[in-house]
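I opened this notebook to record two looks at one structure. The entries follow the order in which I looked things up.

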4 protein chains.
Amino acid sequence: MPQQALSTRAGAQSGPLAEAFDEVRAASMALAEGLSDADATVQSMEDASPAKWHLAHVTWFFERFVLKPHLKGYDGFSDDFDYLFNSYYDAVGDRHPRPRRGMLTRPRLNEVMAYRTHVDAGMRTLLDGDISDDLAALITLGLHHEEQHQELFLTDILHLFAQNPLKPAFRPSEPRLMQQPASPLAWQRFEGGLIETGHEDDGRFAFDCEGPRHKVWLEPFALANRAVTNGEWIAFIEEGGYERPDHWLSDGWATCQAEGWKAPLYWRKEKGEWWTMTLRGWQPVDPEAPVCHVSHYEADAYASWAGARLPAEAEWELAARGHPLAGNDAGTGRLSPAPQTGGGLAGLFGDVWEWTRSAYSPYPGFRAAEGAVGEYNGKFMSGQMVLRGGSCATPPGHIRGTYRNFFHPGKRWQFSGLRLARDV
Amino acid sequence: MPQQALSTRAGAQSGPLAEAFDEVRAASMALAEGLSDADATVQSMEDASPAKWHLAHVTWFFERFVLKPHLKGYDGFSDDFDYLFNSYYDAVGDRHPRPRRGMLTRPRLNEVMAYRTHVDAGMRTLLDGDISDDLAALITLGLHHEEQHQELFLTDILHLFAQNPLKPAFRPSEPRLMQQPASPLAWQRFEGGLIETGHEDDGRFAFDCEGPRHKVWLEPFALANRAVTNGEWIAFIEEGGYERPDHWLSDGWATCQAEGWKAPLYWRKEKGEWWTMTLRGWQPVDPEAPVCHVSHYEADAYASWAGARLPAEAEWELAARGHPLAGNDAGTGRLSPAPQTGGGLAGLFGDVWEWTRSAYSPYPGFRAAEGAVGEYNGKFMSGQMVLRGGSCATPPGHIRGTYRNFFHPGKRWQFSGLRLARDV
Amino acid sequence: MPQQALSTRAGAQSGPLAEAFDEVRAASMALAEGLSDADATVQSMEDASPAKWHLAHVTWFFERFVLKPHLKGYDGFSDDFDYLFNSYYDAVGDRHPRPRRGMLTRPRLNEVMAYRTHVDAGMRTLLDGDISDDLAALITLGLHHEEQHQELFLTDILHLFAQNPLKPAFRPSEPRLMQQPASPLAWQRFEGGLIETGHEDDGRFAFDCEGPRHKVWLEPFALANRAVTNGEWIAFIEEGGYERPDHWLSDGWATCQAEGWKAPLYWRKEKGEWWTMTLRGWQPVDPEAPVCHVSHYEADAYASWAGARLPAEAEWELAARGHPLAGNDAGTGRLSPAPQTGGGLAGLFGDVWEWTRSAYSPYPGFRAAEGAVGEYNGKFMSGQMVLRGGSCATPPGHIRGTYRNFFHPGKRWQFSGLRLARDV
Amino acid sequence: MPQQALSTRAGAQSGPLAEAFDEVRAASMALAEGLSDADATVQSMEDASPAKWHLAHVTWFFERFVLKPHLKGYDGFSDDFDYLFNSYYDAVGDRHPRPRRGMLTRPRLNEVMAYRTHVDAGMRTLLDGDISDDLAALITLGLHHEEQHQELFLTDILHLFAQNPLKPAFRPSEPRLMQQPASPLAWQRFEGGLIETGHEDDGRFAFDCEGPRHKVWLEPFALANRAVTNGEWIAFIEEGGYERPDHWLSDGWATCQAEGWKAPLYWRKEKGEWWTMTLRGWQPVDPEAPVCHVSHYEADAYASWAGARLPAEAEWELAARGHPLAGNDAGTGRLSPAPQTGGGLAGLFGDVWEWTRSAYSPYPGFRAAEGAVGEYNGKFMSGQMVLRGGSCATPPGHIRGTYRNFFHPGKRWQFSGLRLARDV
């Protein structure tokens with residue numbers, strides 16, 4: 001889904017919006033291929049949700065916010081589903097508690113598929129008619145919401161399969177290609193100054209938290225030409241990075257100790273070599289590829305150890321300006337980070353989400369939307385850190401230069417890595 | 001499986017043993033009917049195991065302890081399964097941690113079924129040949145082991161379904177029959193004295209913990225003619241049974257407070273009437289049926305409140321002597337406790353496991369068997385309380401007068417109730 | 001306080017009772033010597049209570065149960081104290097939560113001492129008058145209650161001081177005497193049969209749980225001539241006793257793993273030698289002295305490893321019959337277990353409480369007393385194991401052959417060890 | 001201690017520095033007056049430290065960082081103290097674990113006082129000699145460090161006394177003055193623009209995290225003329241502020257639910273009126289005084305409910321520029337927030353720390369100092385929120401316009417309140 005399409009989606013004509021709808025909904029179905037009912041049901045930890053839940057919840061969004069209020073005569077699929085598949089929208093009623101999402105062996109996966117079909121039919125009826133700008137915007141939001149859950153679907157299924165001693169592969173393993181070396185580390189300088197950052201209100205879609213566009217002052221800084229690699233991370237491990245508190249934030253070291261971190265999530269050393277769990281099963285760690293599945297705490301400690309720091313999100317956004325929104329995203333089908341090569345700033349988009357030093361806070365002038373949809377982003381603006389650039393699990397077309405992803409600093413199950421910055 | 005059959009099982013001829021094998025294995029398959037892959041995979045709490053795990057683990061017993069050592073040329077189904085489906089037999093190798101049994105979406109249910117078929121084939125080959133007495137005894141143990149897991153299969157699937165707001169029924173609900181009144185409470189007196197208790201070593205099968213037969217001295221006592229009913233329990237609730245510590249054991253009251261108990265597990269009051277989750281779905285509580293899903297702590301508090309006490313296990317066993325091993329067990333298909341009517345001691349076998357006041361301890365002279373099979377019972381003789389008599393979920397033929405079931409006193413997900421006793 | 005005195009205490013004449021009162025109360029004061037306000041205030045874990053709390057709570061018993069109902073015109077010391085120093089007597093009103101006992105920096109230690117003085121004065125007035133048999137029995141109970149807390153005072157202060165890296169000594173360290181070797185292990189045989197056990201209702205004091213006297217049948221057994229020594233325990237450690245589950249109860253092994261046990265509580269290896277915390281500070285472990293500060297789980301595992309078992313409490317009581325109630329109790333002032341030497345059964349009383357295999361259950365015919373005092377023992381009859389014989393911290397005169405001490409099987413901060421038994 | 005004095009402290013002449021040293025050290029001693037050994041020893045929760053620990057730890061700073069490296073022939077007081085009273089300086093060696101600070105009944109309070117005397121003597125010797133600029137800066141840091149702990153001493157002793165049902169008063173209660181009404185709420189407008197913020201490197205003392213001075217762009221905003229009052233907070237409570245998630249951050253609502261918040265910390269309703277624990281004991285809540293002991297989560301929810309927001313820290317600092325560093329700080333002796341009256345921005349300094357919307361992050365160009373002292377602030381820059389302006393427990397002279405205090409957003413035991421801001 002190219003950025004071009006996104007811009008039209010928000011328009012009043014239903015044609016391209018209907019196409020976008022079909023495309024996004026089909027992409028979710030494609031993800032579910034090959035999963036058993038059980039694969040789609042089990043919740044491997046509180047942070048993760050079952051695949052079935054993702055498939056149903058994004059559908060619930062369209063039924064609850066679009067069809068019920070806007071499609072005359074629409075017949076709801078099931079009252080139970082309304083309760084089961086609400087997520088954090090406290091305003092629209094009770095909901096099934098998050099940590100218990102994995103108890104729902106019923107409805108079965110095929111019933112969830114029937115729910116999708118039912119809602120898709122309703123949506124097509126709606127999309128055949130006149131769609132107001134507001135409604136188009138709401139549907140577009142629903143599509144981006146579904147794309148977000150497509151990435152979570154992948155991170156969550158990886159986490160589930162990683163719990164299984166059989167290490168099942170979500171997608172078949174491929175012959176390992178000749179290893180490609182990452183570009184040598186280099187720094188690109190930026191002058192900063194009084195710049196503008198955040199989403200410009202130009203009719204293109206963005207999440208509310210990406211705006212309003214606003215001024216910030218930046219001192220000169222430099223950004224690394226690529227993300228930190230697995231090979232570099234192994235050096236950090238070998239020099240005692242996980243054994244001494246020197247470079248760690250206080251909360252970070254406490255978490256590292258409490259959870260017994262010794263390496264990125266999913267890594268294990270076998271006969272002297274590091275291996276890791278991937279969406280294509282159990283694989284050797286590629287030293288040239290960007291390190292992945294590290295927390296903000298680890299990223300910060302690494303940066304400090306390397307004599308650098310994490311970028312501020314406005315720095316990252318400034319540096320990314322003008323770069324094509326292309327990279328190793330879920331559209332390449334690789335499903336794991338690839339070595340970043342070539343000149344300039346490589347790999348800004350795709351491969352791994354890059355932790356920034358910025359807490360996820362409201363931009364000056366930010367106001368949450370009214371009503372339940374307003375619960376979308378604002379209420380998470382506490383205790384979480386911003387990540388930028390998308391990953392190998394991000395749907396193509398979903399990323400933007402202004403896109404703000406956010407997770408708590410101790411979380412590691414996302415496709416999260418880092419790119420160094422420094423003052424100059 | 002009548003007691004008669006059991007006695008022959010331990011014999012050297014393979015015929016009846018092979019029949020018993022087929023019967024027990026088929027009964028497990030019958031339980032799995034109607035379960036989805038997801039139903040069979042999810043673990044609803046640490047105490048419970050997934051249905052798939054039960055089906056595989058009982059099979060693992062035959063492969064690991066019978067086929068591998070005793071069937072020449074037997075080809076193991078899978079090394080992975082050996083690891084995944086070991087339970088508490090520490091002596092035979094590493095095992096998948098119990099609280100993570102629900103992560104195993106793979107192998108799928110149909111692969112577990114293939115495992116069963118493979119092992120069944122091996123067992124039939126073995127059973128066609130000469131079977132030593134020792135081997136026959138081991139196979140018989142495996143069958144009783146599988147029957148134990150058949151009951152756990154039911155208690156665990158009920159617990160899982162009870163977590164689901166949709167309250168799915170394991171078996172279809174049946175038209176509610178005309179309510180049958182329980183017998184009025186009456187007491188039967190026993191003189192006690194120096195008696196013998198425990199399993200007599202007569203060649204019939206019993207678990208090791210049921211013996212050795214030994215002498216105990218009992219003072220005169222009386223036993224209630226039937227189990228405590230739901231109606232009686234409701235009176236206990238209404239008189240503040242769950243609100244005041246007066247009649248509770250200290251650990252019991254602490255648990256009651258910590259877990260917020262207000263009624264038996266699965267009960268909820270809706271519009272002034274108590275309802276409960278059953279294997280046939282969400283049902284009104286029948287005041288005449290025995291109370292079920294209460295912990296030892298609750299049972300003890302009730303008994304104290306009622307001016308009585310729980311029976312010692314030797315008292316129970318003495319009282320049950322000579323009673324036919326018949327009752328509302330899983331063979332009746334009711335799958336919930338039924339009102340206990342008629343004269344004498346009603347409902348000793350079936351309906352609900354009856355908590356005793358006896359800690360699960362080794363009988364005088366008890367010695368665990370050598371080797372891994374010796375882990376069977378002895379190592380659980382700490383912190384658990386004995387229950388007697390079987391339940392509506394106990395396979396027919398599985399119960400004995402000397403049978404000692406045991407659970408920690410705070411557990412409620414078994415079909416556990418109580419029968420009062422008192423000194424006379 | 002010889003047993004003789006105890007028997008007269010329960011009599012109607014106040015003379016000996018008043019003397020006993022003075023003696024016991026003075027013993028508590030002696031314990032408090034040398035403790036700072038802070039030492040007496042801090043609670044080192046939930047299981048332990050501050051010294052100040054012990055001193056106040058035993059006083060509260062006399063105020064609440066004796067003076068307020070029985071001394072006309074008695075003026076309560078403080079309503080606050082009534083709330084603060086109630087322990088588990090739920091029936092007499094709200095109480096300060098146990099885990100928060102260490103928050104009470106006020107009242108100060110000297111105010112608690114004033115409370116003691118006030119209550120002592122009241123008690124002396126009362127004891128000068130006529131005392132009914134019932135009242136004498138109640139006061140006697142209060143004295144034994146205070147003696148129990150004298151032992152807990154010692155175990156709790158040891159636990160507190162053991163948390164302090166400075167390893168302060170409760171009482172001054174003494175020059176280490178020439179090491180005395182323990183008697184070589186030998187077995188004494190008992191024939192068992194139908195015996196009577198438990199406290200005989202002969203007017204002498206005993207706690208309610210020690211009776212009623214009742215018949216039990218015992219098979220022949222043998223008891224070790226002395227407790228297991230530290231040296232023997234070191235062999236257990238060195239042969240992997242804490243590293244393999246083979247000999248452990250299932251709950252025991254889980255606790256051992258969860259708490260990371262590698263040796264008895266308070267032990268640490270320094271330069272190849274085992275040291276331990278004692279009431280006389282940090283000391284080398286004496287290989288000839290009885291092992292101490294082991295849980296029931298460890299004791300059971302050791303016994304199994306040694307090819308023996310723990311004694312049943314009735315066996316222990318039978319064996320101890322006729323032995324003088326003398327030994328290394330708190331009256332010797334040693335305050336740690338001493339090597340057990342000499343012929344016959346050595347060290348039955350004093351040194352270490354000896355874990356039995358018996359769960360703490362009501363004896364046949366046991367009934368808790370009516371009212372709050374009835375909360376004394378009965379409600380703890382769940383999940384705990386019986387210990388016999390007293391320890392080096394037990395007040396002289398407090399122990400009896402029928403005495404049943406009880407703790408949860410995972411607890412280690414009492415002066416608890418073991419003596420082996422076996423079937424013969 | 002006026003700001004003037006602070007500026008001279010950092011100078012090379014020891015005279016004023018010695019005076020400042022004496023003043024600050026004496027202030028700590030004054031705080032300890034009236035505390036018992038026990039009061040000074042107990043740790044009421046992990047976040048808090050015992051008074052004795054505060055008194056020793058600030059002394060340890062001078063011994064460890066000043067005397068040992070810089071006073072020739074200085075004789076350390078005790079190796080044990082070096083271990084016991086290190087706090088978070090991982091670089092200088094092992095330390096006693098924070099949650100176990102309350103186990104240290106030894107050393108006694110008077111030994112800690114002797115430690116203070118010993119170190120004070122050493123410091124005076126040192127201060128009588130030549131002091132390099134660097135050393136003067138280090139000593140000055142030590143004094144500010146001690147002042148920080150003086151405030152924590154008060155917050156922690158309040159927390160301890162609040163756990164005690166006797167509700168002891170740290171300082172005597174005073175006759176309640178005639179209630180003074182707070183100023184009516186009004187807004188003061190600021191234009192913002194490209195401003196400079198943070199500490200100017202002018203030789204005056206500031207903590208490292210207050211700089212470097214740097215440019216930020218601010219949009220126009222308005223700030224409330226005073227802090228939110230208790231009366232306003234009661235309205236929030238009464239309109240269901242703690243009962244509905246509408247205005248809460250997601251993490252905030254989860255915390256509110258998990259901890260059962262219904263009002264600010266220490267509040268309880270008695271006979272329809274709100275009371276609260278204060279350093280002067282149990283007192284009625286004054287509706288005109290600023291609300292205190294609220295978390296960032298509560299402050300944020302209140303601001304949202306009130307249609308406003310919390311100020312950014314740069315906004316607050318801009319608004320406070322030019323205001324005298326005077327207010328109801330610990331120097332007034334009131335020890336609780338007072339109604340804020342008068343024109344302009346009242347109560348910016350003193351009364352309550354004001355939560356901002358700003359995460360505690362490094363300012364652009366920030367670098368932690370080298371060595372152990374570098375652990376001072378930088379490593380806490382994660383997961384915490386900035387508070388500004390000092391409180392009624394802040395030592396006089398300690399506050400600055402650039403001062404950044406920081407706590408995790410769920411903490412409530414500091415003297416923390418809020419002042420509203422809004423976009424204009």
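I took buried area as the accessible area (1.4 Å probe) that two parts lose on being put together, summed over both. The model is predicted, so I kept to its rules: local features need pLDDT of at least 70, side-chain atom pairs count only at pLDDT 80 or more, and totals for chains, interfaces and linings use all residues. Residues are numbered from 1 along each chain as its sequence is written, chains are lettered from A and ligands numbered from 1 in the order in which they are written, and side-chain values use heavy atoms, with hydrogens and water left out.

**Entry 1: two domains of chain A**

I looked up the domain assignment of chain A, which is automatic or from a database, and found domain 1 (3-162) and domain 2 (187-423). Their C-alpha centres lie 27 Å apart. For contact (heavy atoms within 4.5 Å), I noted 32 residues from domain 1 of chain A and 33 residues from domain 2 of chain A. Together these domains bury about 2800 Å², with 66% of it on carbon and sulfur atoms.

I then looked for salt bridges, each a side-chain nitrogen of Lys or Arg within 4 Å of a carboxyl oxygen of Asp or Glu. The count between the two domains of chain A is one. Asp47(A) forms a salt bridge with Lys411(A), and the closest N and O atoms are 2.8 Å apart.

**Entry 2: chains C and B**

I superposed chain C on chain B by a rotation of 180° with 0.0 Å of shift along its axis, at RMSD 0.0 Å, using least squares on the C-alpha atoms of residues with pLDDT of at least 70 in both. That is the relation of a two-fold axis. Of the residues of chain C, Gly383(C) comes closest to the rotation axis, at 2.7 Å (C-alpha).

The contact takes 26 residues from chain C and 26 residues from chain B. I noted about 2200 Å² buried between chain C and chain B, 54% of it on carbon and sulfur atoms. Trp217(C), Arg357(C) and Ser382(C) supply 22% of the area that chain C buries against chain B, more than any other three residues.
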